[in-house]
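Let's take a friendly walk through this protein, one stop at a time. Have the sequence and the 3D view ready as you read.

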Amino acid sequence: MLIGAAPQGAHAGDVDHPDTGQESRVTARVAELEARLGDPTADGNDLSYAHLLAADEAGEISETGERVLDDVVLNADFVPREHGGRLERIDTLVRVMRQVFRRDVTLGLGYGVTSFMAGVNVWTAGSTDQRDRLARLLLGGGKVSVAYHELAHGNDFVRNEFEARSAPDGGYLLNGAKQVINNADRADAWVLFSRTSPAPGSRSHSVILAERAGLDADTYRVLPRYDAVGVRGCHLSGLHFDDTPVPADALVGETGKGVELALRAFQITRSAVPGMALGAADTSLRTVVGFALGRELYRKSVMDIPHAKATLSGAFLDLLVCDSLSLAATRAVHVLPDETSVYAAATKYLVPKMLTETMHDLSIILGARFYVREGEFGIFQKHIRDLPVLSLGHAGSVACQATIIPQLARLARRAWFSDDPAPATLFRLREDLGPIPFDRLTLASGKDGLSASLVAAVDELPSASPEERAVHGVALKMMDELRQLQEASLALAPQDRTALASPATFALADRYAVLLAAASAIGVWQQARDGADPFLADPAWLAAVLHRLARRLGQQPPELPESVDARVHDEVLRRYRERRSYDLYNTPLAG
C-alpha cells in the first residue's frame, strides 16, 4: 500500500467544503478514510492488523497510520466549520472516527481524540482569538492535550491541587503536576484544569490554555512515560510546572467557572467517544464470526453450535443497542442541549460497560486463541485490552452514575410520564442538524424527552405480526419498569441524591441507563420503518434488542418467535460476507 506524504502546513483553506449536504459530506468522508486505511486483513497493506500488532508489541503508535491521518487532515474533523474545519455534527464525527477505531484504538485515541476532547473546552468558552489560534494549530497538524484529573484525587477533580496563581505583573503562574496525560510529550498546547483560588468548592477552579511555544522551557518538564496494559502505543505521561508564567489571555472562559466548563464539555465528549469505540467491537465480532465459520468442533462448524450462534447474534444486538443510545445522545447535543447532561452520562456509563461484556462473551468462543497476540485472531486480544481504557478516560463509570443520581428525583417529579416525547429527528440516522450549540448546554435538567418517547411508543407501536407483538409486550414491561424507577427515585433519602449515595441508588442509575437505551432503539426503529434499510425496518431486531435489555433488567419476557433469531442470525452472516459494518449504518468496509 502506497502512503502519501504528510502535509507540511495544512491550514483552514486546505479543507474543501463542497456544498453537497451534511449526509453526502460524511458519507464521502467515511469512504475516503476507509479507502486510505485499506483492507486491514491484506498482507500488502502497511496498515494491516499485522503491522498494527507489531507497533503495539513495540509500545508505539503506528507511524504509517499517523502519516495517513495527517494526509487526510483528520484534525479538521475536530475543528468546527466556522473555524475552517469539518466538524458540524457530533454524530457524524463519531461515524468518521469509528473507521479509525475499527483498526486500532491506540491510533484513534493517540492520534486525535485527545485533541477533540481538549478542543471542546475552547469551542465552548474560549475567546475568538483562542478559537482561531487553536484552529490554526490543529489544521496545521498539531496536537492538543487535556488534563483534568490528578492521581491523588481521581474523578474528584474539585479537590485538585494544580495551581494557576495570579502573577504580580499579570497573567498566571502554573505550579504542580498533572499525571497520565495522553500526548503530553508531543502536544503543541495543553488545556489544564487549574486551581485559581485556595478556597474550597466548585468556584475555585478555571481552565488554562497553555501553548508550548510561548512557555519558558526551564520552568516545566514532561514526566516519564507510563507503561500501560491497553493502548500500549499511546504516549501517556505527565507534566510538572514550577512557576511557569502564562499570559492573562490563556484563561479559557471566566475565572472560577472551570467546573462548569468541564461539565459542559463532558456532555459532548461523553456522548461521542463511546460511539467511536463501536468500531473496535465491530472488528472483534467480525473476527469471531470468521473463526466460527472456519473452525470445526464435534464434526460441525463452531457456528452450528447453538451457544456460539446465540452469542454472536447477541453481540450484534449489543452493538445495535449501543449505537442507538450513542445516536440519541450525540444528536441530543444539537436537538435537546438542555437535556444532554443525563443522556451523555448514561451513554458514557452503559456503552463501555456493555461492549466490555460483549468482548468477554466473544472471547469464550475463541477459547485459547483469545490469548494469541499475533496471526489471524491477534487483533482480538489487542481490542479486548484496549477497549476498557475508554471506560475510564476523563470520567469513569462511577463518575457518570454520580452525574445521573442527583437528577433522578427531579426527573421523576417533573419529567417522567409528563414530558413531551423527543422530536423524531433525534432518531433519524442521516437527517441534517443545526450547528453545535456549545453555549446552550446546561449542567442539569428537569426534562427527559427520551424517556417520554418510550411511554408514547406503547400507544403507537403496531401489533399486527408476531414480531411486532413481541416488541409491544416488552415495551409495556419497560414502561412498568420506568414507573417503578419513578417511585424509587421519589423515595430517595437526601444523602442518596448525591455522589455519596448507597449502592442501591447506583443500581437505579444503571436501570435508568438501560431504559434510555431501550427508548433509543424503539425510536430508531420507528423512524426506520419506511427507510431504505430492510433490516432496520424489520421489527425483528427491535424485538430481540428489547428482549435482551429486559433480561438485563432482571425481567423474564416471553420467548421470542423463532423468526426473530433467524432474522438476526442471517444478518450477522450477510454483513460478514458482504463486508458491511455491524452498526446502524451498515457501512461498506474495506475489510
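Start at Ala444, which sits in the loop that joins helix 11 (397–414) to helix 12 (449–460). Keep in mind that you are looking at a predicted model. Is Ala444 buried or exposed, or something in between? Its relative accessible area is 38%, so Ala444 counts as partly exposed. Setting aside neighbours within four places in sequence, Ala444 is in contact with Asp338, Gln407 and Arg410. Now look for Pro198: from Ala444 to Pro198 there are 246 residues in sequence, and their C-alpha atoms are 26 Å apart in space.

Next, find Thr114 in helix 5 (residues 105–125). Thr114 has a relative accessibility of 5%, and because buried means under 20%, Thr114 counts as buried. Which residues does Thr114 touch, apart from neighbours within four places in sequence? Its contacts are Leu109, Val144, Ser145, Val146 and Asn182. With Asn182 there is also a polar contact, side chain to side chain, at 2.7 Å.

Finally, turn to a pair of helices. The axes of helix 8 (residues 306–335) and helix 17 (residues 562–577) come within 9 Å and cross at roughly 80°. Angles of 65 to 115 degrees count as roughly perpendicular, so that is how helix 8 runs relative to helix 17. Where they meet, helix 8 brings Lys309, Leu312, Ser313, Phe316 and Leu317, while helix 17 brings Val568, His569, Glu571, Val572 and Arg575.

Definitions and conventions:
Residues are numbered from 1 along each chain as its sequence is written. This is a predicted model: local features need pLDDT of at least 70, side-chain atom pairs count only at pLDDT 80 or more; totals for chains, interfaces and linings use all residues. Side-chain values use heavy atoms; hydrogens and water are left out. Axes are lines fitted to C-alpha atoms, for helices over the stretch in contact, and angles run from 0 to 180 degrees between N-to-C directions. Helices (H or I, at least four residues) and strands (E, at least two) are DSSP runs, numbered from the N terminus. Angles under 35 degrees count as roughly parallel, over 145 as roughly antiparallel, 65 to 115 as roughly perpendicular and the rest as oblique. Contact means heavy atoms within 4.5 Å. Buried means under 20% relative accessible area, exposed over 50%, partly exposed in between (1.4 Å probe, protein chains only). A polar contact is a pair of N or O atoms within 3.5 Å; within protein, one must be able to donate a hydrogen and the other to accept it, and residues adjacent in sequence count only if both atoms are side-chain atoms.
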